[in-house]
Amino acid sequence: MRLVARIALAVLLILILIVLTAWAAQRKLIYFPDRSVPPLAADAREITLRTADATALTAWEFAPPPGSPDRGVSVLVLPGNAGSRAGRTPLAQALTSLGLTVLLLDYRGFGGNPGSPSEAGLALDADAARAHLAGSGRPIVYYGESLGAAVATALAVRHPPAGLLLRSPFIDLPAAGRTHYPLLPTGLLLRDRFPVRSLISQVDAPTAIVYGTGDQVVPPEQSRAVADAAANLTHLAVVDGADHNDRVLLDGRQLIAAVQALLSEGTVTRPG
């Protein structure tokens with residue numbers, strides 16, 4: 001019996017050590033930034049955003065190509081938890097071809113920006129990007145990708161947009177975390193919660209949701225649950241077989257069609 005008790009105690013201590021390590025290093029398991037400074041993309045204008053906590057962020061702004069129609073609408077792209085703005089350049093180019101102005105934001109700690117990411121920090125970053133675009137007086141569509149869908153939804157509650165597009169949203173971060181770390185008590189451990197489903201019912205703006213049925217990062221049923229909870233879902237695109245990082249979910253036909261569907265609602269228009 002003493003041997004059994006010692007083994008049980010050793011196992012318990014190991015489990016406690018694993019949980020404590022996961023708690024201390026949790027943000028390294030959430031955020032995977034490319035911290036290098038990307039070379040300026042063609043047709044992009046580099047801008048500096050200043051957040052409420054005095055963090056200076058570099059972002060890229062894209063205008064519609066010369067000679068093309070200008071819809072007078074801006075799109076704020078709130079990225080996921082990895083990479084940098086350089087990887088979202090094809091999306092910006094696809095959107096500007098529709099006559100839209102596009103702001104590619106990199107959060108703190110991403111793309112050469114100072115600081116370390118957190119839920120509260122990303123909210124400040126999104127506020128600064130939205131304030132920059134709001135200065136033009138144009139209507140703004142928020143585009144949230146994966147974890148950025150949570151950032152976009154929370155921003156939409158604080159500052160209602162003209163339209164909201166969520167690409168591969170999860171229910172919340174603990175629900176997404178249980179998919180990848182099923183043995184960890186993610187609901188108890190996580191400091192960053194990133195709720196989506198519980199907030200989307202508070203968003204009155206026309207909302208489009210796009211996700212892939214083959215997503216191995218965010219389970220498709222979580223994206224569908226977000227769609228079911230949306231207060232004003234106007235467009236739902238389910239891309240058959242698409243995985244989380246497939247090109248079709250970056251600038252593919254169904255995704256760009258979802259943006260066009262928001263614009264065609266007649267509610268995302270240039271102010272008169």
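What share of the 272 residues in the protein chain is buried? I found that buried residues make up 50% of them, where buried means under 20% relative accessible area, exposed over 50%, and partly exposed in between (1.4 Å probe, protein chains only).

**Entry 1: basis.** I worked from a predicted model, in which local features need pLDDT of at least 70 and side-chain atom pairs count only at pLDDT 80 or more, while totals for chains, interfaces and linings use all residues. Residues are numbered from 1 along each chain as its sequence is written, and side-chain values use heavy atoms, with hydrogens and water left out.

**Entry 2: overall content.** I recorded eleven helices and ten strands in the protein chain; helices (H or I, at least four residues) and strands (E, at least two) are DSSP runs numbered from the N terminus. I then looked up contacts, defined as heavy atoms within 4.5 Å. Among those between residues at least 6 apart in sequence, 74% join residues at least 24 apart.

**Entry 3: the sheet.** I traced an open sheet of eight strands in the order S2-S3-S6-S4-S7-S8-S9-S10, with mixed pairing; two strands pair if DSSP finds at least two bridges between them. Strand S2 (44-50) and strand S10 (233-239) are the edge strands, each pairing on one side only. From one strand to the next, the twist averages 20°.

Entry 4: I counted seven bridges between S2 and strand S3 (residues 56-62), which run antiparallel. Ile 47 stands opposite Ala 59 in S3, and Leu 49 stands opposite Leu 57. Five residues lie between the two strands of this hairpin, and Ala 54 in the turn has a positive phi of about 65°.

**Entry 5: helices on the sheet.** I noted that helix H4 (residues 119-134) lies across S2, S3, strand S4 (74-78), strand S6 (101-104) and strand S7 (140-145), running at about 170° to S4. Axes are lines fitted to C-alpha atoms, for helices over the stretch in contact, and angles run from 0 to 180 degrees between N-to-C directions. Helix H9 (residues 220-229) also packs on the sheet, where H9 touches strand S8 (163-167), strand S9 (207-212) and S10, and makes about 170° with the direction of S9.

**Entry 6: H4 in detail.** Which residues of H4 are buried? I listed Gly 121, Leu 122, Asp 125, Ala 126, Ala 128, Ala 129 and Leu 133. Seen down the axis of H4, these buried residues fall within an arc of 160° (taken from the directions from the helix axis to the C-beta atoms), so they line one face of the helix. They pack against S2, S3, S4, S6, S7 and H5.

**Entry 7: nonpolar cores.** I defined a nonpolar core as a set of buried Ala, Val, Leu, Ile, Met, Phe, Trp, Tyr and Cys residues joined through side-chain atoms within 4.5 Å. The largest has 43 residues, of which Leu 76, Leu 78, Leu 166, Phe 170 and Phe 194 touch the most other members. Helix H5 (residues 147-158) supplies the largest share of this core, seven residues. A second, separate core of 31 residues includes Ala 41, Val 77, Val 210 and Val 239.

**Entry 8: Ser 201.** I located Ser 201 in the loop between helix H8 (197-200) and S9. Ser 201 counts as partly exposed because its relative accessibility is 43%. Not counting residues up to four places away in sequence, Ser 201 touches Ala 229 and Ala 231. Ser 201 and Asn 232 are 31 residues apart in sequence and 8.0 Å apart in space, C-alpha to C-alpha.
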